[in-house]
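Biologist: Could you take a close look at one part of this model for me, and then set it in its wider surroundings? I would be glad of the cut-offs along the way.

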Amino acid sequence: MAHTEDFTERAPRAVHTAAQALGVPETSAHEGPELIRMGERAVFRLRDGAVIARVERSAARWAEADREVRAARWLAEQGLPVSRPLSGEQPVLAESTAVTLWEGVQGEWTVPRELAGLLHTLHGLTPPPTLDLPDLDPFDRVVERIDTAPGLSPTQRDQLREAHRDLATRIPTTKPVLGIHVIHGDANIGNVLATPHGVVLFDLDGICWGPPEWDLVLTALYRDLGWHSEAEYADFCDAYGFDVTAWEGYPLYKQIRELRMTTWLAQKRGESPEIDTEIDRRISDLADPRRPRAWNPY
């Protein structure tokens, strides 16, 4: 993985190159691409949000970016309201990265019930074989994050590795009950916006074949963390037609999701004292699934 400072410098240049390649004017009130967030990939705003650019950390992620573009175009053809890639040949290779450009979505945060409706539709679709979706890897990027997250103590890395080993050993014994379908992969309320024309689903980089339970567990976990109300979760279950917490595999899937959330946040150590405290709290809590969580959303 490229060094963070190096990627920070290369990413805006990569966006500029991609915009030129696709004939997209970059003019806005801001000087150059405006960084929205920096995580496993960088996300920029162009033309005051009319265009969104996503920059992978290396060209090694080109295949994933290509799949995301093709999946979004296929889903749009099926009538599912998703964020749309700009026309033209994408991804664009630039600055040793893969860049994709998307129509900006202007909207407000919505409610879990809306997410459930989108997931119910998505899970019922049959993708063309040419889309070549991978099978779900519940631990995708987890080891990489544990190894590279800045500022973790050796003890914390060992704790995370032990959690990963334990969960990876247990997951083959868990049998989903909803079958195998096309799933979003990171289905949470943060990936849905309500617009004047209806709700829109985005961040499709995790689309794959897998159990629908994987998509449903995040909303249940957010309810358990106090981020959704009981009424919101009941509406979610009613809209989808299934309560994943009644499934015997829910506790295990919940623990895997907690590990993923923790290792994702661990990449942001050093950004603020609050984030550092949250990372330490989460790592400590992972050792005891029954311990009440007082986690903050990021």
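**A histidine in a loop**

Modeller: Happy to! Leaving aside neighbours within four places in sequence, His-228 is in contact with Pro-112, Ile-189, Thr-219, Tyr-222 and Arg-223, where contact means heavy atoms within 4.5 Å. Please keep in mind that this is a predicted model, in which local features need pLDDT of at least 70 and side-chain atom pairs count only at pLDDT 80 or more, while totals for chains, interfaces and linings use all residues. Residues are numbered from 1 along each chain as its sequence is written, and side-chain values use heavy atoms, with hydrogens and water left out.

His-228 sits in the loop between helix 6 (212-224) and helix 7 (230-240). Helices here are DSSP runs of H or I with at least four residues, strands are runs of E with at least two, and both are numbered from the N terminus. With 9% relative accessibility, His-228 counts as buried; the label applies under 20% relative accessible area, exposed applies over 50%, and partly exposed lies in between (1.4 Å probe, protein chains only).

Three strands make an open, antiparallel sheet in the order 6-8-9, and two strands pair if DSSP finds at least two bridges between them. Its edges are strand 6 (108-109) and strand 9 (198-201), each pairing on one side only. Four bridges join strand 8 (residues 192-195) to strand 9 in the antiparallel sense. Val-192 has Leu-201 of strand 9 as its bridge partner, and Thr-195 stands opposite Gly-198 in strand 9. Two residues separate strand 8 from strand 9, and the two strands form a hairpin.

Stepping back, the chain holds nine helices and ten strands. Its radius of gyration is 19 Å, close to the 19 Å that the globule rule gives for 298 residues, so the chain is as compact as a globular protein of that length. That radius is taken over C-alpha atoms, and the rule is 2.2 Å times the number of residues to the power 0.38. Along the principal axes, the C-alpha trace spans about 55 × 45 × 35 Å. Of the 298 residues, 51% are buried. Among contacts between residues at least 6 apart in sequence, 70% join residues at least 24 apart.
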